[in-house]
Amino acid sequence: MEHLIAGFANVLMPATLIWIVIGVSLGYMLGAMPGLGKATGVAVAIPLTFYLEPVAAIAMLIGIAKGSTAGSAVAAILLNTPGEPSSAPTALDGYPLARQGKAQKALKMGLFASVIGDFLSTLLLIALAAPLARYALLIGPVELCAILFFSLTFIGGLAGGSMIKGLIAGALGVFFATVGLELETFIPRMTFGTLELDDGISLVPMAIGMLAVAEMAVQAGKMRELDSAAATIVDGAHPNDRRVTRAEWLRCLPAIGRGTAIGSAVGILPGLGASVGSFLSYGVTRKLSKTLEAFGTGMIEGVAAAESADNAVVPSSFVPLFALGIPGSVIAAILIAALIMHGLTPGPRMFVEQPQMVANIYAAMLCASVIMLAIGLLGQKLFAQVIRVPLRRVIPVVLFLCCVGAYMDSGSIFSIYVMLFFAVLGYFSRKLGFSFVTFLIGFVIGPNLELTFRQSLQILNHDPMRLMGHPVAVVFLVLTVVVVVAIAFSNSRAAVREELAARAATSNPRKLEEENR
Amino acid sequence: MRQADFVSGVVLCLLGLGMLIFVIPSHIAQAPAGFVSPRLVPNMMMIAVVGLSILLVLKALRGMSYGPHPEKNLFSRSEVRMVLRLAMVFAIAITVFVWLSPLVAGVVLIVGTLLALGERGPVALVVMPATLLLGVWLFFYQLLGTAIL
């Protein structure tokens, strides 16, 4: 507790607060633009924090992550084009509200629900991470290897539409993590004689290429349709169209509570992601409503349910990261790079070795929630204008910043090549449905997975029967098999349904030809 | 998606086999006696990729055997055109970076991307690169007090 109080004292300094404000504002604006999600924002911003104090740097990045999660509701409500997939259920009722002239009302409820979900989920992180980490310290390499393997399989199975593709992406992520000098023998692996690859592939240019540059390439392809949608929204004349009334608050509070609980639970489980949380929360709220047929026509509870869950996922997804060192989401995977760069290695040891730094991060997260409310209320109208900036002017700015960010990682053009290589990979992975989230998480946990695997081989003396002496590892290996079978079964049923739906939807060849053009 | 899955499965399978047969043996040396081979994990991952790719191909083939059905193009012509234009801008900007100067490369990247995406307003074409480059200079060189080049 004393660390947390000291953390607030450290964070509530003008020099740190200003970076949180900048981070949240930047994040809100990035989130408001379709396609520019929190992962993109944080990936591009990491190099900008190289020269900041560690607390200010991490606080700024957390501000970006939180701000962009809340900001993604802006595009969902005003354009019917979610800033991130997790805001898609927000659009289901938010966009009809905007079409009815109640855009301001929907945006305000989205903001309030986001802040409440985010704040409560941060408190849950503070309550859970340290106790869980105490147990994690009792875990040895064999158990950790099994847990990492389980997490990667779980994430691979759930992160995309196809488990096979998810697992391929995860395996490729681990494979790319092996590039560079091998740590026991110092034998170079697949460096092709390039000195720059001796230290391995750097996460920053890789993440920037895979997330930001690839996303911009995809957005450039559908630039016209996104730009034309922005010009159609106008505000209603009645004051109640622009504010959340008392009756609406009373209707929305249970939805926000449910959304926060669902989002927090989903965030703690690695790999499920914010989309699962927001869709689940929206679905439950709809199911429990007495007027479920009205959902999709402009029910404000729908916005509250989706946004509270979406924002609750982010802080709680840090629970496995902080307690076990396992990134449960893409944002957690990217933040690992920033945390390590600023002297904090995520995992159970950090609570013992750097409790003050952890408390600083907690304080920064709570402050970012409050700042998000203030900035959202003050700047909502302004941020709503951001979506009216044509994409042809947004994309060059992002690409330029990507290049600056990637270049700064090593001060060499080689980082730009790495960025472009992974941009191509990211573009195709998006188009062909391979989960780039699993790839990145595989890449991040790859070194640890390999290390613990090698240690396990030595501990077990290459005898699988000795695994029986490690019941925790056995449980996780069995769970891995169960998860693979369960997901494969559920995916094959979903595939049959999709096949039928696709046949029905594409029965009109002329329409298909137009879409392809 | 069936055709795309089939093609990507075949490509990944060939890539995995190529890695297993040629790249890994020739680019990762054997470990001294008593050490775990540095080839172990890369080999395991590529074996996983090959196995899963075969599964992906088989799944796609099974889907195609249900009979032909029209599929939406994953890469529309306008998208491909746009991506090629952006790739060209990057190629020119990198060439300029290597042979001329980073500052000019920055201008080429911003103006080139603007032009590639259809921006024709002279004000935007002048103001955007000037503002961005000035902003980066102010942020790093003045505010943070560090050189990035």
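Mentor: A residue counts as buried if 20 or more other C-beta atoms lie within 10 Å of its own, as exposed if 12 or fewer do, and as partly exposed in between, with C-beta atoms placed from the backbone. The model is predicted, so local features need pLDDT of at least 70 and side-chain atom pairs count only at pLDDT 80 or more, while totals for chains, interfaces and linings use all residues. Residues are numbered from 1 along each chain as its sequence is written, and chains are lettered from A and ligands numbered from 1 in the order in which they are written.

A:Leu128 shows the middle class: with 18 other C-beta atoms within 10 Å, A:Leu128 is partly exposed. A:Leu128 sits in helix 6 of chain A, residues 103–136; helices (H or I, at least four residues) and strands (E, at least two) are DSSP runs numbered from the N terminus. The C-alpha atom of A:Leu128 is 8.4 Å from that of A:Ala323, although the two are 195 residues apart along the chain.

Chain A as a whole comprises 22 helices and two strands. Its 517 residues include 60% that count as buried. Among contacts in chain A with a separation of 6 or more, 79% join residues 24 or more positions apart; a contact here means C-beta atoms, placed from the backbone, within 7 Å.

Now the packing itself. Two packed helices are described by the angle between their axes and the distance between the axes. The axes are lines fitted to C-alpha atoms, for helices over the stretch in contact, and angles run from 0 to 180 degrees between N-to-C directions.

Within chain A, helix 2 (residues 14–32) and helix 3 (residues 38–45) pack at about 135°, and their axes are 9 Å apart. That angle makes helix 2 of chain A oblique to helix 3 of chain A; angles under 35 degrees are roughly parallel, over 145 roughly antiparallel, 65 to 115 roughly perpendicular, and the rest oblique. Helix 2 of chain A and helix 3 of chain A cross in the right-handed sense. A crossing is right-handed if the near helix is turned clockwise from the far one by less than a right angle, and left-handed if anticlockwise. Helix 2 of chain A contributes A:Leu26, A:Gly27, A:Leu30 and A:Gly31 to the contact, and helix 3 of chain A contributes A:Lys38, A:Thr40 and A:Gly41. These residues divide into two nonpolar, four polar and one charged. In this scheme Ala, Val, Leu, Ile, Met, Phe, Trp, Tyr, Cys and Pro are nonpolar, Asp, Glu, Lys and Arg are charged, and the others, Gly among them, are polar.

Beyond its neighbours within four places in sequence, A:Val42 is in contact with A:Leu61, A:Ile64, A:Ala65, A:Ile331, A:Ile334 and A:Leu335.

A:Thr49 lies in the loop between helix 3 and helix 4 (54–79) of chain A. A:Thr49 is buried because 23 other C-beta atoms lie within 10 Å. Leaving out residues up to four places away in sequence, A:Thr49 touches A:Ala57, A:Met60, A:Leu61 and A:Ala338. A:Met216, by contrast, is 167 residues from A:Thr49 in sequence and 22 Å from it in space, C-alpha to C-alpha.

How values were computed:
Two residues are in contact if their C-beta atoms, placed from the backbone, lie within 7 Å.
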